[in-house]
Amino acid sequence: MLLHLCTWPEVETYLQRSRGILLPIGSTEQHGPTGLIGTDAICAEAIAKGVGEATETLVAPTINVGMALHHMAFPGSMSLKPSTLILVIRDTVTSLAKAGFRKFFFINGHGGNVATLKAAFAETYAYLGEMGLAGAEDVQCTVCNWYMGGGVYRLAKELYGDQEGSHATPSEVAVTQFIYPEAIKTAPLSEPVAKGHRIYGAIDFRRRYPDGRMGSNPALATPEHGQQFYELAVKEITQDYLAFLQAE
C-alpha cells in the first residue's frame, strides 16, 4: 500500500473505493548519544505502513525533514523553516487533491512539526479554494502524533516512569531498535540529565541540553519494548484513522 510502489492506474482504481491517504512525517535531528538521527521519521513511517496494511490505505512517501531549527547546533541535524514546511505540506496536499484524494491523515513523529502542520492546513484550505479546485471544500487534513496515544503514553509511563523524558525518549528509541535492530547504538550517558528548560534557539538549546536529551534515559529501551509500542500505536491509530474517514 505504498504510493511510490504503485502505478498510476492502480491509484486511479484505489480512488474509486477510498479518498483517504496516510502521510508519515518526522524529522532528521539529533536524538542524544544513542538515538538515531532519523528516529522521528523512522517511527512515523513504520507505524504508517502498519496502519496502511491494517486498513488497506495508501501511504504517501515519508516527509523526512521537518521543523527542527532548535536542534541545529548538533551535527547531522537538518531542518526546514516553518514557512518552507508549510509550502511542502501545501504542495503535497494540493498534488494529491488534484488527483481526487480528500482525507489527509498525517502520522507525525516530531513534536516540533505540530504547530507548523496546523498552520499549513489552514493555508492549504485557503489556497485550494482560491485556485478553484472542484471539491476543495471536502478536503480535510488532520495530524495524529503516534507518541501521544493513550495506550502508548501509559505503556511509556509503566516501563520508564519519569525517565521517559520528552526528547530522545526510551519509547521512541525502542521503536527504532525494533525496526532496525542492526543499528542499535550504545554510549555513556551522563547523570543527571538536563530537563525542564524552555526551548529557544539552537545554541541556547545545546547549552541547556548538552548531550541532546531532555530528561530521558534511552538506555532503558529494548527492541521488545519497541514492538509493544509499535503494535499499540498501529492499533490505536487504525481506529483514529477509520473514525476520521467516516466523519462528515
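What pattern does the protein follow, read along the sequence?

1. Basis of the model. This is a predicted model, in which local features need pLDDT of at least 70 and side-chain atom pairs count only at pLDDT 80 or more, while totals for chains, interfaces and linings use all residues. Residues are numbered from 1 along each chain as its sequence is written, and side-chain values use heavy atoms, with hydrogens and water left out.

2. Fold order. Read along the sequence, the pattern is α-β-α-α-β-α-β-α-α-α-α. The radius of gyration of the protein is 18 Å, close to the 18 Å that the globule rule gives for 248 residues, so the protein is as compact as a globular protein of that length. The radius is taken over C-alpha atoms, and the rule is 2.2 Å times the number of residues to the power 0.38. The protein has eight helices and three strands. Helices (H or I, at least four residues) and strands (E, at least two) are DSSP runs, numbered from the N terminus.

3. Overall dimensions and cover. The C-alpha trace spans about 55 × 35 × 30 Å along its principal axes. Of the 248 residues, 52% count as buried; buried means under 20% relative accessible area, exposed over 50%, and partly exposed in between, with a 1.4 Å probe and protein chains only. The accessible surface comes to about 11700 Å², and 55% of that surface belongs to carbon and sulfur atoms. These areas come from the Shrake-Rupley method with a 1.4 Å probe, and for residues only the protein chains shown count as cover. Among contacts with a separation of 6 or more, 77% are between residues 24 or more positions apart. Contact means heavy atoms within 4.5 Å.

4. Largest pocket. The largest pocket holds about 450 Å³ of space. Of the 24 residues that line the largest pocket, the closest to its centre are Y147, G165, S166, H167 and T169. On a 1 Å grid over the protein atoms alone, a pocket is an open set of points with protein on both sides within 12 Å along at least five of seven lines, a cavity is a set of points where a 1.4 Å probe fits but cannot get out, and lining residues have an atom within 4 Å of a point. Grid points are joined across faces, edges and corners, and a volume is the space filled by probe spheres set on the points.

5. Make-up of the pocket lining. Both α5 (150–160) and α6 (170–179) supply at least two residues of this lining, and α5 gives the most, with four residues. By class, the lining of the largest pocket has eight nonpolar, eleven polar and five charged residues. Ala, Val, Leu, Ile, Met, Phe, Trp, Tyr, Cys and Pro count as nonpolar, Asp, Glu, Lys and Arg as charged, and the others, Gly among them, as polar.

6. Helix α6. Is α6 mostly covered or mostly open? It is mostly covered, with eight of its ten residues buried. The buried residues are P170, S171, E172, V173, A174, V175, T176 and Q177. They pack against α2 (39–55), α5 and α8 (223–246).

7. Cavity. The structure holds one cavity of 30 Å³ or more. About 40 Å³ of space lies in the largest cavity. Its lining consists of T34, L36, V173, T176, Q177, A183, I184 and K185. By class, these residues divide into four nonpolar, three polar and one charged.

8. W146. This residue is found in the loop between β3 (140–145) and α5. W146 counts as buried at 2% relative accessibility. Leaving aside neighbours within four places in sequence, the contacts of W146 include C43, I47, S171, E172, V175, F229, A233 and I237. W146 and H110 are 36 residues apart in sequence, with their C-alpha atoms 9.2 Å apart in space.

9. Backbone points to check. The peptide bond from E191 to P192 is cis, with omega near -10 degrees, and P192 has its place in the loop between α6 and α7 (202–208). A168 is not a glycine, yet has a positive phi of about 55 degrees. A168 is found in the loop between α5 and α6 and is buried, with a relative accessible area of 0%.

10. E56. A positive phi of about 55 degrees is also found at E56, again not a glycine. E56 is in the loop between α2 and α3 (82–99). Not counting residues up to four places away in sequence, E56 touches M1, Y14 and R17. The C-alpha atoms of E56 and I21, 35 residues apart along the chain, are separated by 9.9 Å.
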